[in-house]
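Student: Please take me through one part of this model closely, and then show me what lies around it and elsewhere. I'd like one connected account, with the cut-offs given as you go.

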Amino acid sequence: MCRRPSFIRRFSSSFAVAMWPTKQQQPTATSTSHHSISASASSNGGIIDSTSSSSYDLYESHTHEKVYLPAKSIVVTLAMCVTLPFLIGYFGPLLVLRGLGVVPIVCQGTIMSSSSVALPPQDVTVPKASNEERLPIPTVYEGKHVPLTSYTSKMFPSAGSATSNTVQIDRSSSAFQVKSKISDSNVISQNVSNQQEIVESSFDIGEKGEESNDNPHNSDFDGHLPAGQHLLVDIKNVDSEFLNSEHRLATAMVELITESQLTLLSYHCHSLVPIGVSCAGVLLESHVAFHTWPSEGVIVMDLFTCGSGKLIPILPLIKQLFGVGAEGEDLEEPVLNWSHKLRGFREGFVPDYDPTRNPLDSDTGRFVTGRLQDDIKLPVLSASTDFQTVDVYELMDPTTRNVNNFYKSLEDDGSYESLHPEHFGPNRVLLLDGVIQSTLFGDAPYHESIVHPAMITHPNPKRVAIIGGGEGATLREILKHSTVEQAVMIEIDEGVVSLSKDYLPEWQDCSSIAHHKGRDAWCFNDTRADARFEDAMAYFTDNFSPKKDDTDDDDESPYEVIVMDCLDPNDNVEFAEFLYTSDTYIQSLYHALTDDGILVVQVGASPKVDQAADETGGFVNRSEMMKKLNEYGFKSIHIYDESHSGFFASWSTLLAFKDAETRERWYRSSAEIELDLSRRILPTKEGKSSLRYFDGATMKGYQVPGKQFEAVYCRQEEQPQECNDKLLNGSSSYSPVLERHAIH
């Protein structure tokens, strides 16, 4: 029941008069009582005391009479009953929050943040927030359509939270972001490392080969699919004051989302007790969140989006905004570790989706961007040529290299590390269409193992062909042989050669033999090098096909050795299938060799001992090629593997001998091979061998195939006879069973 406050009693006594019965109902016997009630009402400011005996008598004697109240009185009474509780309920919590040092944020007349209900401990001082420290309000990126959304929130009291703020998007047209404001932000670190600059320049290069998209997150490619991208970032050596400032962190988050052309619908932040900040933001595309440890100088964050806009290119921006270094000469610079993963499902939802054509769904995602443990993971290059994507990353795996030793090698202090920096640097990885092609650490083992076994087995290789090998390292190794008069490299993509020269200079470095006549520090300037940028399949079929017109006068001379260093046989692309299974092409390779010629083919990852036969597994193309090589005349096929190529697996190389006599040189002793290498390989200026990995002992390990090749070979649907009786002769030119058990 509402009781009027005392100041209402100043109203006229008409309230009491209104209580009288109508003139048509005038009970004469109670006229005295009427006067007494009127006097009582008048003396009490118009309020009737229903507990007085006279009032009770009146009610009892006139229950049959109607009572009328003026409309004005009813309206005023109801207004007071509603207004007073509202004012108390609205201003009461605000006064309490101000007493705790918390100022709610008001945006466009609506309270957009609220304080946590938890009270801070008595020994913790919570600074009062000024108007200048109010958290920034996210806005709509210009030209971006943001659908209407509903907002639901529930807060739970916690003694570990000192403040709690929720901020929602400002959808007004005046809030559109037209210009970047990052340069004016007070949270930007001015200490950008050289590595950071390399990243930014590399992304500029990558954008040249791609279509422009002013707002990539508006794309529908992933926008309405059960798929997305997840970026995880850990940063250490960050300024503790920055990590404990809810305002500066929230400002950095809003700037990051705005500059990334994403849409932040709302976010919620807590300042924690005793220190630290946690924030979570709801994006139109998904979410962003981070947590800080100011005492340790660490912040961890994750960003998930359902759009197709790339997230890796914003890593420099993340480091710029959140990698705020502390002031001081002896303090370490912020260090950023990150991981990027594709999430959800694309196959079956995207029409004609091919994961092999998405670099992030291939080796790039599995072995490079998806790893969080690397101490260094630097995107050096991301570009597109006319034929493929080219990516180069610098990586340092803490299980193989120590990052502190690397930093020490950069100093000029006379230490072992500084005198031998080549032993402590990060690995460098080349990926084409997302598939690892070569690594700095595996450069010598891979390229020397694919070239020198065949080259040293042939008695006198003068003319050598390379199919592929755009990074230049295969050419580099062939040019080390003094017998070579011409090295022809047929590579369809000239862009790979150019990019490798700039970003993989070691692969094309012939400085170790540059002092010899006709040689040069850049391998492609060697007088013997002949680079032809054309389709290798077309080149061989046009010049060496058995169906070639005999009247053609443009005959090419045959080669002593042909090295095919291109796509893996298990690559799920149409060209790889033609490359390993085309009858016309394989016949052309056979006719392109001299009578004692050797064909070398890299045939992908080595099988596991428990793996299915190639013909039923993932290496059907490899199995098919071996059958065709045998069918078209090669007298012997040999396969070996190298486990230090840097491909996260042992790698296989196939040799096909056109005659049996040349193959006999394959089984020479280590001493014979060493002697031949010393006579043939061009020495360095100091008189040492220019080979870094290959020698006679290494060659000895290649002569007999491993047990896994025998096991997989014997799992064919039609099992070869020699698998049951190793004394029998095989009918195929390729038989790892007989090769392993024969006496050489």
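Tutor: Let's start with helix H15 (residues 536-544) and helix H17 (residues 583-591), which pack at an angle of about 65° with their axes 9 Å apart. Here helices (H or I, at least four residues) and strands (E, at least two) are DSSP runs numbered from the N terminus, while axes are lines fitted to C-alpha atoms, for helices over the stretch in contact, with angles from 0 to 180 degrees between N-to-C directions. This is a predicted model, in which local features need pLDDT of at least 70 and side-chain atom pairs count only at pLDDT 80 or more, while totals for chains, interfaces and linings use all residues. Residues are numbered from 1 along each chain as its sequence is written, and side-chain values use heavy atoms, with hydrogens and water left out.

The crossing of H15 past H17 is left-handed (the near helix is turned anticlockwise from the far one by less than a right angle; clockwise would be right-handed). On the H15 side, Ala536, Met537, Phe540, Thr541 and Phe544 meet Thr584, Tyr585, Ser588, Leu589 and His591 of H17, contact being heavy atoms within 4.5 Å. Sorted by class, this contact holds six nonpolar, four polar and no charged residues (Ala, Val, Leu, Ile, Met, Phe, Trp, Tyr, Cys and Pro are nonpolar, Asp, Glu, Lys and Arg charged, and the others, Gly among them, polar).

Within H17, the residues Tyr585, Ile586, Ser588, Leu589 and Tyr590 are buried, that is, under 20% relative accessible area, with exposed over 50% and partly exposed in between (1.4 Å probe, protein chains only). Their cover includes H15 and helix H16 (574-581), helix H18 (620-631), and the strands E14 (463-468), E17 (559-565) and E18 (593-605).

Those strands deserve a look of their own. In E17, seven of its seven residues are buried. E17 pairs with E14 in the parallel sense over five bridges, and it also runs parallel to E18, joined by five bridges; two strands pair if DSSP finds at least two bridges between them.

Now for a sheet elsewhere. Seven strands form an open sheet in the order E3-E5-E6-E7-E8-E4-E9, with antiparallel pairing. Its edges are E3 (161-168) and E9 (335-344), each pairing on one side only. Ignoring direction, neighbouring strands are turned by 10° against each other on average. Strand E4 (residues 227-236) meets E9 over ten antiparallel bridges, and Leu231 has His340 of E9 as its bridge partner. Helix H8 (residues 315-322) lies across E4, E7, E8 and E9, at about 40° to E4.

Finally, the largest nonpolar core has 85 residues, and those with the most contacts inside it are Ile318 and Phe322. Such a core is a set of buried Ala, Val, Leu, Ile, Met, Phe, Trp, Tyr and Cys residues joined through side-chain atoms within 4.5 Å. Ile318 touches residues including Leu231, Val233, Ile235 and Leu336, not counting residues up to four places away in sequence. Apart from this core lies another, of 39 residues, among them Leu593, Leu629, Ala656 and Phe709.
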